[in-house]
Number of protein chains: 2
Amino acid sequence: MRSAEFDRSHVLEQAMHTFMEHGYAKASMQKLTQATGLHPGSIYCAFGSKKGLFIEAVSYYHQQKLLAFEALFSDDQAVLSSLKQLLANTVQECVQNTCAKVCLLTRSLNEIEGQDPEIAQLLATNLQQIEHSLGEQIARAQRQGEAISDEAPLALARFITMGIYGMRTYAFTNADQNILEQMSAQLLRAIQKH
Amino acid sequence: MRSAEFDRSHVLEQAMHTFMEHGYAKASMQKLTQATGLHPGSIYCAFGSKKGLFIEAVSYYHQQKLLAFEALFSDDQAVLSSLKQLLANTVQECVQNTCAKVCLLTRSLNEIEGQDPEIAQLLATNLQQIEHSLGEQIARAQRQGEAISDEAPLALARFITMGIYGMRTYAFTNADQNILEQMSAQLLRAIQKH
DNA sequence: AGGACTCTTGAATGAACATTCAAGTATATC
DNA sequence: GATATACTTGAATGTTCATTCAAGAGTCCT
């Protein structure tokens, strides 16, 4: 026996950054071997293929986003203020000048469309899971009497989710923090009671 | 002298469809020659490169969208009803099962990020032009006393634009017509007077 | 210490890619 | 109809790509 010499999390972290920076197609194996420090053979041994590595990197990204979401929406805090923070964090990501400005899930979903149904399905499922969690939080806000619209919580969650997707694409045309903050405020207002 | 044997508009139309279906990177010259009926040499003679062909195909797409926009927002009609129709048309595109479901501009913008600043700039400029036209229409609606929020027309136009971008990405996760129509209604409500 | 097992290495492989160009072909002008 | 001037053709080019694999090296067990 002999255990693998590399730290799987660290490799996935680097691969994730490479895919975020270059997209799926343009993240060549050469870039991936440089970023991860692994040789081609090791990547194929550990992940099977470039696609396999991508799928694990996506899952790694998704896991991180889920954890951040759960940390943000802790039970002892108003849902609306957590939501406001979620949008503020998204804006902060969008105005970065690093690969952190992109959402690996939404960017890859746009790229992969019509190419690989298996990857598209994985991305969609991951995004829907976050949307679903958001729906639960909005339902909680309604139960707790926060000043939120009495529409179906899932409809409100979808609307916010769509808004975040839209902001991410919008930021590629104009990564102006003030504009993105104004959009966040408009989104929040749209789901509040008035 | 001898005039070109192919119809430039027809070639751009076919190239546009190929880029919409496969994205920029995966639309290989082989697929492009098959779709357009042109041989590689002819494409390079007429458009310089794959990138040159893409840029012209994007401009062709943009031109079409601008014409459709102007036809929709004719002067003798309430802006809000044209806007409603614009969103309904977008939903119809999103639920198609053909390449017509994607917006070449937003999809390419997501794909190209961090790869080719020249193309990114072109896409952003084209998208901003439509956003700007929408802003003018919203200003007109305000002047004509339609039941629309009295926020800055550009801010409202940005919000709708963002919403459309969001719906397009959302549709990749769940192309349900009812859901997309509900989102459209939520977007419209958010910019109306209340 | 020796042998068995497994992981690592990185050059080699073949496919797919964008691009070029010399030969071929059609048109226009005189 | 001859010549010049384009446009068309598609095989060839060189590059880049994902992937493989045989040789090498490390680790564990007896």
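**Figure 1. The exposed residue A:Asp75 in a predicted model.** A:Asp75 counts as exposed because its relative accessibility is 64%, where exposed means over 50% relative accessible area, buried under 20% and partly exposed in between (1.4 Å probe, protein chains only). This residue sits in the loop between α4 and α5 (79-95) of chain A. A separation of 9.3 Å lies between the C-alpha atoms of A:Asp75 and A:Gln137, which are 62 residues apart along the chain. The model is predicted, so local features need pLDDT of at least 70 and side-chain atom pairs count only at pLDDT 80 or more, whereas totals for chains, interfaces and linings use all residues. Residues are numbered from 1 along each chain as its sequence is written, chains are lettered from A and ligands numbered from 1 in the order in which they are written, and side-chain values use heavy atoms, with hydrogens and water left out.

**Figure 2. The helices of chain A.** Chain A contains nine helices and zero strands; helices (H or I, at least four residues) and strands (E, at least two) are DSSP runs, numbered from the N terminus. The C-alpha trace of chain A spans about 60 × 40 × 30 Å along its principal axes. Of the 194 residues in chain A, 52% are buried. Contact means heavy atoms within 4.5 Å; among contacts in chain A between residues at least 6 apart in sequence, 67% join residues at least 24 apart.

**Figure 3. The boundary between the two assigned domains of chain A.** The domain assignment of chain A gives domain 1 (1-62) and domain 2 (73-194), with bounds that come from an automatic or database domain assignment. Their C-alpha centres lie 27 Å apart. In this boundary, 16 residues of domain 1 of chain A are in contact with 18 residues of domain 2 of chain A. The area buried between these domains is about 1500 Å², of which carbon and sulfur atoms give 69%; buried area is the accessible area (1.4 Å probe) that two parts lose on being put together, summed over both. A:Met20, A:Tyr61 and A:His62 supply 41% of the area that domain 1 of chain A buries against domain 2 of chain A, more than any other three residues.

**Figure 4. Salt bridges between the domains of chain A.** Two salt bridges are counted between domain 1 and domain 2 of chain A, a salt bridge being a side-chain nitrogen of Lys or Arg within 4 Å of a carboxyl oxygen of Asp or Glu. A:Glu118 forms a salt bridge with A:Lys51, with the closest N and O atoms 2.7 Å apart. On the side of domain 1 of chain A that touches domain 2 of chain A, α1 and α4 (50-72) of chain A each supply at least two residues. The largest share of that side, nine residues, comes from α1(A).

**Figure 5. The interface between chain A and chain B.** Here 42 residues of chain A are in contact with 41 residues of chain B. The area buried between the two chains is about 3700 Å², and carbon and sulfur atoms give 58% of that area. In chain A, A:Asn110, A:Glu113 and A:Met162 lose the most area to chain B, together 17% of what that side buries.

**Figure 6. Salt bridges between chain A and chain B.** Four salt bridges are counted between the two chains. A:Glu151 forms a salt bridge with B:Arg189, the closest N and O atoms lying 3.1 Å apart.
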